[in-house]
Structures are given as C-alpha cells and as structure tokens.
Amino acid sequence: MTGADLGDGTYRNPVLDADWSDPDLIRVGDDFYLTASSFGRVPGLPLLHSRDLVNWTLVGHALERLEPAAESGVPRHDSGVWAPALRHHDDRFWIFWGDPDHGVFQVNAPAIRGPWTRPHLVKEGKGLIDPCPLWDDESGEAYLVHAWARSRSGVKNRLTGHRMRPDGTGLLDEGKVIVDADRIPGWFTLEGPKLYRHDGWFWIFAPAGGVETGWQGVFRSRGFFGPYEERVVLEQGGTDVNGPHQGGWVRTASGEDWFAHFQAKGAYGRVVHLQPMRWSEEGDPAGPWPVIGDRGTPVTVHRKPALPAQPVSAPATDDDFPGGRFGRQWQWTANPRDGWATQHSADGLRLSCVRTADAHDLRRLPHVLTQRLPGRPAAVEVDLALGAGQPGARAGLVVLGDAYRWIGLQRGSDGSVALVHRFAEPVAESERDAAHACPAPEGRARLRIDLAPGARCRFSYDTGAGWRPAGQVFTATPWRWVGALLGLFALAPAGTGHAGAATFTHFRVTAPKTNG
C-alpha cells in the first residue's frame, strides 16, 4: 500500500492515514513521540515513535485499563480518553487527558515503553476536556489549561487556566477563564489547547470552528493568565483538507518547526497531517507569529524534515498471532476480562465464544478486538475456524461503527456450520441478515473485505470453492467522534458452561485486489 514517504525526499499527507485522533507530539533527543485519543478502547493512549516525523511505528500504550473500572467494563465508544497532551519533564514522560464524564487524569513513566503509573485524577468534574500541562523553566511554576464539553457541563468555547503542583498531582487554585472565545467575533467551539513557552511568551495553540470545518488558532500573552491576543494560523483555504486543526508543535534538534494536526474524514476518523511551520518575519509589526503550511493553508506534498533518512514504516496492521498473542495494533472495546483470548503453542488468535445476552448487537459487546480502518483502499483478509459446538455460537470479521456489518461462521442447532452475513443500521436495536446463509462444511472460511474510496466495503468469502461475494456494498459509518473499526469477535447466546472458541489466522491488510 502507498505510504506517506515518497522515497525522493518528499512526503505526502496524511502521514498517518487512519484514526489517530487529536494528535500531540514531542521530541526527546533524536526521537519523536506521538499519542492520540483512544476514547473507550483498551489498551488506551497509543504511543508512536519516529525519527523523521513521516515514518511512524506503534511502540505501545500508556493506559493498560480505563478508569473508573466500574464503568469501563462495557463499551463507551465516544467517551473515555479525549485529546491527550504528551510532555517530557524531569526525565519522565507525562500524558494528561480529559475524560468528559470524570475529569482530568495523568500518567507518567521513566521511559516511553513504561512502566506507566496508574491513572491519577488531577481535577474531578464533568465536561473537563483537552488538558495540557506546562512546566515553565523560566519561573519554576507549573500550569494547566483545559477546555470544556458543553454536553456534560453546559459550558464551551472557553479555556480555563490553573497553577499546578510541580509534581502534577493536583491544582493550586480554583482556575480562571484565560480565553473566552465568546468575546472573539466569529469564534466558536474553542477547544484542544496545547500550551508552550517560547521567546518570552506563553503560547496556546487551540482549534476552533468544529471538527469538520474548523481552523487552527494561536493565542499569546506575556503572562499565563492573560490577556491573550489571537490569530488564525491554519485553515482550509482552497485545499481539499477540511478542518485542518488540533494538534501539536514540535521543533527538531536543528531548529526546524513542524505542526501535526488532524483532518476529519468521516468513517476513516481523524487522519494526521504534517505541516511545515516558521515564524513571521521580524518586520511584522505585531511581532513573530507562527506561519503554518503554505502561508496558512495545508500542504499536500512537501519536502521531508531535514533529518537522517529512515526506513519506510507505518503502524502495523498484519498479524499471524504467534502463540495466540495479538499485536499492539489491536484494542478491545472495553476493559478486558481473563479468558477472552487464550495463548497456546501454535499460531492463531483463539477467541472464546463469550456468552452474552447482547448477541444481537455487536456494538454492545466489550469483547470485540479492533483495529483502525485503513484510510486508503485496501483488502482485508483473515482465516476463521469455528471450533465451538454450542448452537448459536458464532465468530467473524466486522466493520464496526454506528452501523455495522460482519461476515463469519455460525453453529446451527443440528451441529452444522453456516457462512452468515449480517448487519445493523444506526437506529436498529438488533442485527439482521445481509445475505442468505450457505453451508461451510469444514467449519472454516477465508473472509475478505475490499475497502474502496468512500469507505465502501464489499464482503466476500471462500469456504473451499473459490471467492464468492456476499450481500450488497456496505458504507462504513463512524460514531460521533470515533471512526469505524475493523474487528474480530466470537460469542455465544446467554447460558451456562463453556461455549467453545474460534481461531483466526493470517490477518492481512494489503493493496486492493483487482480480481477474485
């Protein structure tokens, strides 16, 4: 599949063509690290690494389980971890994030691969989102800024600032509104602040205008608590990059400045773009301000950062599940429980057919193992063997979102196994058939989804007689804030006793197939 690195010293946006929502990034030495929103998926807070800002790999997660645990055993697809901020201070990595239902949390670690501390609640409250800390080396003070979610608090379009304990465990005041965008003509939905100290100024990079069509703003003040002046530094202009905003600024060791941000692309989620950044000329009567992209609009192709050449890479998608273990790219749809996936001596993911009263709606299941939907056309394939003998036990490959569709195998009441294809619309409370079932005599099938532009998904299968299409084309749909997901699952109807298992092998995401 075509990647971001064009191999000639240039790159093409997006540099991360999948749902790496609300990115923030830092440099430590010669290494760059990036994290992103993970919402209700587990493990959370993905950690990506690069040495050139173009080629990235997923190296782990900072959040092993969601808190509070009592509420995180069921899917919270649009809740959980929102817009984290990644920082390096006092020889430790720090990540702060907002859970809109509970407050501001942080974790920290001596190294990017951990061990990470358990989540610590810095500020409790509803609607507290998008926090970002700053340790000011000039004054020795520590600060925190955050935004507001009106859906939980009734408040939006403003940023609140606090003095923070230097150890990041709590706040030292009740907070003060430091930017009220209701007072700025034309500004709405101000959120996602990232806080920096540079050249004697406090800088807040913050998006406004909404996820789909917004712009990137920058605020500056000589004092943390203001007053701030503002400027729009990145907007769509005449490009096809809608809503280019919300992200982080990073400087290379040689002094080059770059800005990473997202673009909302419907079912694909929020893909990540990299923009060159410079400072306005000294002749600017307003003083230096960031100039991002091509004089304030996004670039599509640009020279790579002036950094040593790196191998072409991207976050992993393929998996052979060695010893029954799954790769870092996979996340459960809620906090996992023991026994959902079992290790063994051979290759292949062995998922228990978990008994559930919600077998009619995969969106309600915590035990769907997911990864991000590719942003480019692709073919997704996996082998499935259904070993469960329990009538009604089933397993399959799903495109999961506000609507979903899956293809897989189901055990019948007579002990036979059928190839089934089912879907559910956004408003439906139960799935239904998308195609007539057909026999799968060996209890095995190779499953495939061909992903075309517009997130159009064509399902097909091979039970031993060659590839055959199943049902109509399905257009993937996102949740409100989260892109559609690829998923693997196994389940059985409610009851008692072990229901058996299903085994998935040879999961592949490849360039689109031109024929069967």
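A quick word on the term: on a 1 Å grid over the protein atoms alone, a cavity is a set of points where a 1.4 Å probe fits but cannot get out, and lining residues have an atom within 4 Å of a point. Grid points are joined across faces, edges and corners, and the volume is the space filled by probe spheres set on the points. Rolling a probe the size of a water molecule over the atoms shows where empty space is left.

Before I go on, this is a predicted model, where local features need pLDDT of at least 70, side-chain atom pairs count only at pLDDT 80 or more, and totals for chains, interfaces and linings use all residues. Residues are numbered from 1 along each chain as its sequence is written, and side-chain values use heavy atoms, with hydrogens and water left out.

So, who lines that second largest cavity? You'll find Trp332, Trp340, Leu351, Ser352, Val354, His367, Phe489 and Ala490. Six of these are nonpolar, two are polar and none is charged. For the classes, Ala, Val, Leu, Ile, Met, Phe, Trp, Tyr, Cys and Pro count as nonpolar, Asp, Glu, Lys and Arg as charged, and the others, Gly among them, as polar. Strands E25 (349-352) and E37 each supply at least two of the lining residues. Strands here are DSSP runs of E, at least two residues long, numbered from the N terminus.

Strand E23 (residues 331-332) runs antiparallel to E27 (residues 369-372), with two bridges joining them; two strands pair if DSSP finds at least two bridges between them. E27 also pairs with E37 (residues 485-493), again antiparallel, over four bridges. There, Gln371 has Leu486 in E37 as its bridge partner.

What about the largest cavity? Its space is about 40 Å³. Its lining includes Leu63, Trp97, Phe105 and Pro119. By class that lining has six nonpolar, one polar and three charged residues. How many cavities of 30 Å³ or more are there? The count is two.

Last stop, a separate sheet. Four strands make an open, antiparallel sheet in the order E14-E15-E16-E17. E14 (194-198) and E17 (229-234) are the edge strands, each pairing on one side only. Five bridges join E14 to E15 (residues 201-208), and Lys194 has Phe205 in E15 as its bridge partner.

Notes: 1 Å grid on protein atoms, 1.4 Å probe; cavity = no way out; pocket = protein on both sides within 12 Å on 5 of 7 lines; lining within 4 Å.
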